Amino acid sequence: MSRDTMPAAGEVRIRFASLDLETGELARLARFLSPDELARADRLLSRRKRDRFVAGRGFLRETLATYLDIEPAHLRIIEGEHGKPLLAETGAPLHFNLSHAHDLAVLAVAVDCRVGIDLERVDEHLPYREIAQRFFAPGEWQELSSLPPHLQLSAFYRFWTRKEAYLKGLGTGFSRPAASFAVSLLPDQPCAPMDFQARDGVPSPWRIVDVPVPEDYHGALAVECATPQYRINARLTPERARPQTAPGAPPAHSPSIA
């Protein structure tokens with residue numbers, strides 16, 4: 001297993017991986033998991049969900065191991081107060097966050113700054129208006145409702161992935177109300193969350209950007225850094241690696257594809 005260089009200051013490495021693997025590859029990754037992780041997989045009732053959980057955790061361990069020059073099975077991964085996975089006592093200020101949707105996983109890795117990433121697969125039948133009314137801040141709901149109906153579903157996913165990426169970056173998840181802060185709807189623009197719990201006059205250290213993802217998915221990255229840059233190792237077929245943004249509208253922080 002080759003070692004990878006650590007991300008630079010303000011840089012986030014993003015990697016995608018398929019979760020539907022051949023039996024041999026799945027067995028190889030399963031050898032990296034801890035007894036607790038294997039027990040967690042066994043509690044899942046669906047075979048497909050078990051296999052995808054093993055694939056995701058194996059992908060996480062193998063990737064982090066390349067930065068830390070350690071065997072994947074030797075990594076100690078613990079959970080924070082609200083369930084966010086963390087590295088225990090590695091001696092390296094490495095931050096990471098993993099998200100998965102359907103058969104696809106995405107991992108964000110950074111040094112010295114917290115990160116959160118969210119990936120969602122579009123569901124055309126999702127009752128998004130009811131969800132938005134419950135979880136969005138009033139301004140977000142108004143902004144979503146003002147759009148033509150045919151644009152609202154995509155806008156909902158843009159809102160949702162940005163909000164969840166921020167909550168995952170904080171490490172709170174939805175233990176913190178999603179309406180306690182607001183994000184922008186504008187596509188392809190980095191934004192700072194408007195945090196209603198922050199002290200007046202204190203700018204947010206977080207930035208949120210959309211992440212290029214395969215068609216039928218939406219993704220967002222939240223970074224505790226004023227000027228984040230990100231680099232993507234796609235490991236996807238060209239057909240799946242199409243960005244979610246409109247043609248001719250490059251992101252404000254254009255990624256390099258490795």
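Visitor: Which residues in α2 meet residues in α3?

Guide: Welcome! Glu37, Arg40, Ala41 and Asp42 are on the α2 side, and they meet Arg50, Phe53, Val54, Arg57 and Arg61 in α3. Please keep in mind that this is a predicted model.

Visitor: Why is α2 called roughly antiparallel to α3?

Guide: Start with the angle: the axes of α2 (residues 35-42) and α3 (residues 47-68) cross at roughly 155 degrees. Angles over 145 degrees count as roughly antiparallel, and therefore α2 is given that name relative to α3. The two axes also come within 8 Å, and the crossing is right-handed.

Visitor: How do you know whether arginine 15 is buried or exposed?

Guide: Compare its value with the cut-off. Buried means under 20% relative accessible area; arginine 15 has 16% relative accessibility, so it counts as buried.

Visitor: Where is arginine 15 found, and what does it touch?

Guide: Arginine 15 is in strand β1, which covers residues 11-18. Leaving aside residues up to four places away in sequence, its contacts include Asp4, Phe59, Tyr67, Val106 and Asn233. Leucine 60 lies 45 residues from arginine 15 along the chain, yet their C-alpha atoms are separated by 9.7 Å.

Visitor: What makes β6 and β9 edge strands?

Guide: Look at the order of this open sheet of three strands: β6-β10-β9, with antiparallel pairing. β6 (115-121) and β9 (207-210) each have a single partner strand, so one side of each is left without a neighbour in the sheet. On average, neighbouring strands here are turned by 15 degrees against each other, direction ignored.

Visitor: How do you know that β6 and β10 pair?

Guide: Two strands pair if there are at least two bridges between them. β6 and β10 (residues 217-223) have seven bridges, in the antiparallel sense, so they meet that condition. As an example, leucine 119 has glycine 219 in β10 as its bridge partner.

Visitor: Which helix packs on this sheet?

Guide: That is α6 (residues 149-170), which touches β6, β9 and β10. The direction of α6 makes about 145 degrees with that of β6.

Visitor: How do you know that the span of α6 agrees with its number of residues?

Guide: At 1.5 Å a residue, its 22 residues should span 32 Å, and the end C-alpha atoms are 32 Å apart, so the two values agree.

Visitor: What makes α6 mostly covered?

Guide: The count of buried residues: 17 of the 22 in α6. Just after α6 comes glycine 171, with a positive phi of about 90 degrees.

Methods. Residues are numbered from 1 along each chain as its sequence is written. This is a predicted model: local features need pLDDT of at least 70, side-chain atom pairs count only at pLDDT 80 or more; totals for chains, interfaces and linings use all residues. Side-chain values use heavy atoms; hydrogens and water are left out. Helices (H or I, at least four residues) and strands (E, at least two) are DSSP runs, numbered from the N terminus. Axes are lines fitted to C-alpha atoms, for helices over the stretch in contact, and angles run from 0 to 180 degrees between N-to-C directions. Contact means heavy atoms within 4.5 Å. The expected span of a helix is 1.5 Å times one less than its number of residues. Buried means under 20% relative accessible area, exposed over 50%, partly exposed in between (1.4 Å probe, protein chains only). Angles under 35 degrees count as roughly parallel, over 145 as roughly antiparallel, 65 to 115 as roughly perpendicular and the rest as oblique. A crossing is left-handed if the near helix is turned anticlockwise from the far one by less than a right angle, and right-handed if clockwise.
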